[in-house]
Each structure stands twice: as structure tokens, then as C-alpha cells.
Amino acid sequence: MSAAAPAGAAPTEGTSAGTDLVLRGLRKSYGSFTAVHDLDLVVPSGSFFALLGPSGCGKTTTLRMVAGLEEPTSGQIMLGGSDVSRLKPYKRPVNTVFQSYALFPHLSIAENVAFGLKRRGKKKVDAEVAAMLELVELSDLAKRRPAQLSGGQQQRVALARALINRPQVLLLDEPLGALDLKLRRQMQLELKHIQTEVGLTFVHVTHDQEEAMTMADTVAVMNKGRIEQMGAPEDLYENPATTFVANFLGQSNLVAGSVVEGGGETVALDVQGTRLTAPRARLATDAPQVWVGVRPEKITLTRAGSPAPSAAAGNLLAGGVVTDISFVGVSTQYVVRMPWGQELSVFLQNTGAHERLVVGDAVDLHWSPDHTFCLDASQDARAGVEEDES
């Protein structure tokens with residue numbers, strides 16, 4: 001999917017605009033504090049869309065306004081061509097799955113799933129309930145109570161209970177937050193599979209970068225009530241537009257530098273007296289002073305003075321010293337102090353192709369110019385790092 005329009009741009013209707021979720025100038029204020037600032041957003045029908053950001057960024061408030069649990073201060077929420085901004089939650093063609101699941105403990109799994117249909121007066125629901133339990137792979141547990149299920153199974157019951165109502169949009173509010181890491185990763189894949197199967201629009205709120213990138217077609221990174229950047233996960237990761245996105249979506253090494261030659265498809269950069277290059281297409285600014293960025297896993301370490309592997313040839317920062325090493329299974333993470341005092345991170349895959357280094361070794365850092373990006377130096381180089389840690 002191509003990247004969506006940047007924050008602040010007027011929504012543009014796509015080919016399925018009649019069933020898109022469209023937010024126009026959506027704002028939510030509490031007294032003098034504004035949680036969401038004039039949000040313009042189009043969520044294409046049938047897509048898996050993620051609102052990603054740290055606590056307090058406005059993502060959950062946005063979701064609650066779409067659900068009807070919060071009333072917007074101003075703006076519109078359009079769904080299926082209709083303005084639903086002031087409708088009661090039960091009158092909106094949406095359902096919400098929360099982190100807490102909110103299952104009825106005295107009802108069986110099948111009865112929990114059937115609840116919404118029976119509440120609307122539908123009598124014969126057994127076939128629909130059976131089909132939905134089969135979709136979430138819980139057919140053999142239909143007669144059990146929620147307390148007899150694991151956290152992951154309860155999450156699937158809550159999902160089935162929401163999906164059986166066939167909403168136009170399913171809202172997911174940190175639905176995997178209560179699960180342990182291994183189960184959460186398994187459920188990420190299952191959720192994406194289910195969304196593909198049913199073809200409904202999913203809007204997923206999360207603070208987990210891996211979760212958003214694993215499941216979503218489009219990710220909107222939120223910060224302080226605004227969208228910093230929006231697009232396909234790979235586009236956001238490879239081409240961050242701000243330091244906040246570069247740091248919040250994964251990790252980045254950002255080094256102060258300046259553009260010294262700007263002609264052609266490649267630009268020349270000066271970093272602490274060393275000449276580096278970057279593709280012009282990966283400059284997110286026209287300013288001469290930049291943060292020169294490279295992801296830790298794009299860098300290769302060699303002992304000082306050793307040649308670079310061909311795949312990492314091109315950019316070189318020499319004179320580093322290893323100050324810390326962490327083994328994390330699939331990779332080894334090195335911290336390298338550079339001659340100007342800054343510490344940079346390097347992640348090397350544990351394939352056996354790299355020489356083992358120890359603290360105190362003198363090293364050089366190599367990477368391909370194609371993996372270099374540049375951001376405006378007027379932005380805070382720690383943006384996104386501090387918010388994530390807090």
C-alpha cells in the first residue's frame with residue numbers, strides 16, 4: 001500500500017471512499033489541554049491500520065472518539081459516507097476489543113460470542129456462532145467458561161464476539177497488552193490472518209512498534225496529539241521524516257553533520273571531518289545542517305584499519321572503541337565510542353560471519369551509502385527516545 005497523505009493534509013477519497021473511515025479536523029480538548037489536534041485522516045476500507053505512539057500521544061483518545069466513548073470538541077467522523085460524530089456508541093457500525101476482554105464470566109464461550117446477536121433480537125444464531133468460533137480456532141471450547149481459558153484464548157473470544165456483529169470497522173485498543181511476549185507475537189500473526197479472512201477495516205492502537213509493523217498495512221505515528229508521519233511500515237522505518245519517528249520506530253544512530261555538495265542523485269556530507277555520502281532521495285530536509293542517520297543493523301564492525309565487506313563498503317567512520325557488548329540471541333549489540341565522544345550502536349547478526357570483539361577493541365564502522373538518511377538538525381536528536389523510555 002502506498003503511503004497515506006501527510007498529517008495536516010486534507011483527506012482524499014479513494015476508490016472505496018464510500019466505506020472509508022474519514023476523520024476531518026478532529027479535535028479533543030480537556031479545558032486548556034488539547035489531547036488531539038485537528039486530525040485529518042483516511043483509513044481505507046478493508047485495511048489494517050495502526051495508530052502507534054507513546055502513552056499520552058492521543059491515539060487512544062482518537063480511537064474512543066471513533067467508538068463514540070468520547071465526544072469530539074470539534075471535527076467530523078465519517079463512516080460509510082455518513083457523519084457519525086454525534087451518534088451513540090450502539091448506533092455506530094463499529095465494535096471495540098479492549099485489553100481487558102470484558103467477557104461475561106457466567107456465560108459459556110458460545111454464549112459470549114452470541115451475546116451481540118441475541119441482544120439485537122436474533123433468535124437463530126448457532127450457525128453464525130459456530131462459524132465464528134471456527135474462524136478463531138475455538139470450536140472445541142464452545143461450552144467452557146472464560147475462566148477456563150488462557151489469556152490468548154480469551155482474547156480470541158473477545159475478537160469473535162466483536163466480529164460476529166459484522167461491523168464496518170473493528171477498533172482494537174491495545175488488545176495484546178496483557179499477554180506474555182511469546183503469545184503476543186503468535187497473536188499478532190493470527191490477528192492479521194483473521195483480518196485478511198474477514199476483510200473488515202481494523203484500526204489498532206498500540207505503543208508497541210514491532211506489533212504495529214507486523215500487522216498493519218499503514219502505520220500512523222502519533223506524538224503529542226498529532227501525526228508525525230504515516231505510511232507503510234517499511235517506508236516509515238527506512239525513510240523517517242523526523243527524529244521522533246527515527247528513534248521511536250526502532251533505533252537510530254544520529255550524528256551531527258553538514259551537506260557540503262548537493263548536486264546529482266548523491267549528496268556529500270561532512271561528519272567530524274570525515275566525508276560520507278547519502279542518496280538525495282533520503283534527505284528529509286533542505287537545511288545545510290543535518291542529523292546523519294543510520295540504523296544499527298545496517299553497520300558492520302571491523303578491527304581498526306581492516307577493509308570493509310563489499311556489501312558495507314562506501315561510508316566509513318574510523319577510530320571507534322568498543323565500550324559495551326550485549327548478546328541477545330539473534331544478534332550481538334555493540335556500543336562504540338567515537339573519537340568525538342558520542343556512543344553509537346551496532347547490531348551484528350550471530351551468523352558466525354563476524355569476528356568476535358571484546359570491550360576495548362579499536363574498530364571502524366562501515367555501511368553502504370544507500371542506508372544513510374538525513375534529518376533536520378534543528379530537531380531534537382533524542383526525540384522519541386525519551387518518550388519511549390518514560
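Helices, at least four residues long, and strands, at least two, are DSSP runs numbered from the N terminus. Lys192 is placed in one of these runs, helix α5. The model used in these exercises is a predicted one.

**Exercise 1. Describe the surroundings of Lys192.**

Solution. 
Step 1. Locate the residue: Lys192 belongs to helix α5, which spans residues 181–198.
Step 2. List its contacts, leaving out residues up to four places away in sequence: Lys192 touches Phe48, Met215 and Asp217.
Step 3. Compare sequence and space for one pair. Lys192 and Thr214 are separated by 22 residues in sequence, while their C-alpha atoms are 8.4 Å apart.

**Exercise 2. Work out how α4 and α5 are arranged, and which residues meet.**

Solution. 
Step 1. Take the distance and the angle. The axes of α4 (residues 151–163) and α5 come within 11 Å, and they cross at roughly 20°.
Step 2. Classify the angle. Angles under 35 degrees count as roughly parallel, and α4 and α5 are therefore roughly parallel to each other.
Step 3. Name the residues. From α4 come Gly152, Gln155, Arg156, Leu159 and Leu163; they meet Leu183, Met187, Glu190, Leu191, Ile194 and Val198 of α5.
Step 4. Sort them by class: the contact of α4 with α5 has seven nonpolar, two polar and two charged residues.

**Exercise 3. Helix α2 packs against α3 and against α4. Describe each crossing.**

Solution. 
Step 1. Start with α2 (residues 109–119) and α3 (residues 126–135). Their axes come within 10 Å and cross at roughly 120°. That angle makes α2 oblique to α3.
Step 2. The hand of the α2 and α3 crossing is right-handed. On the α2 side the contact is made by Ile109, Ala110, Val113, Ala114 and Leu117, and on the α3 side by Glu128, Val129, Met132 and Leu133. By class, the contact of α2 with α3 has eight nonpolar, no polar and one charged residues.
Step 3. Turn to α2 and α4. Here the axes come within 7 Å and cross at roughly 30°, which makes α2 roughly parallel to α4.
Step 4. The crossing of α2 and α4 is also right-handed. Ile109, Asn112 and Val113 of α2 meet Val157, Ala160 and Arg161 of α4. These residues divide into four nonpolar, one polar and one charged.

**Exercise 4. Describe the five-stranded sheet.**

Solution. 
Step 1. The order of this open sheet is β13-β12-β11-β14-β20, and its pairing is antiparallel.
Step 2. The edge strands are β13 (274–279) and β20 (373–376); each has a single partner strand, so one side of each lacks a neighbour in the sheet.
Step 3. Direction ignored, neighbouring strands are turned by 45° against each other on average.
Step 4. Within the sheet, β11 (residues 253–261) pairs with β14 (residues 289–294) over six bridges. Gly257 has Val290 of β14 as its bridge partner.

**Exercise 5. How many residues lie between the strands of each hairpin, β9 with β10 and β17 with β18?**

Solution. 
Step 1. β9 (residues 218–223) and β10 (residues 226–231) pair antiparallel over five bridges, and Val219 is bridged to Gly231. Two residues lie between these strands, and Lys224 takes a positive phi near 55°.
Step 2. β17 (residues 331–337) and β18 (residues 343–349) pair antiparallel over seven bridges, and Gln333 is bridged to Phe347. Five residues lie between these strands, and Gly341 in the turn has a positive phi of about 100°.

Notes:
Residues numbered from 1 in each chain as written. Predicted model: local features only at pLDDT ≥ 70, side-chain atom pairs only at ≥ 80, totals over all residues. Heavy atoms only, no water. Axes fitted to C-alpha atoms, helices over the stretch in contact; angles between N-to-C directions. Parallel < 35°, antiparallel > 145°, perpendicular 65-115°, else oblique. Left-handed = near helix turned anticlockwise from the far one by under 90°. Contact = heavy atoms within 4.5 Å. Nonpolar A, V, L, I, M, F, W, Y, C, P; charged D, E, K, R; others polar. Pairing = 2+ DSSP bridges.
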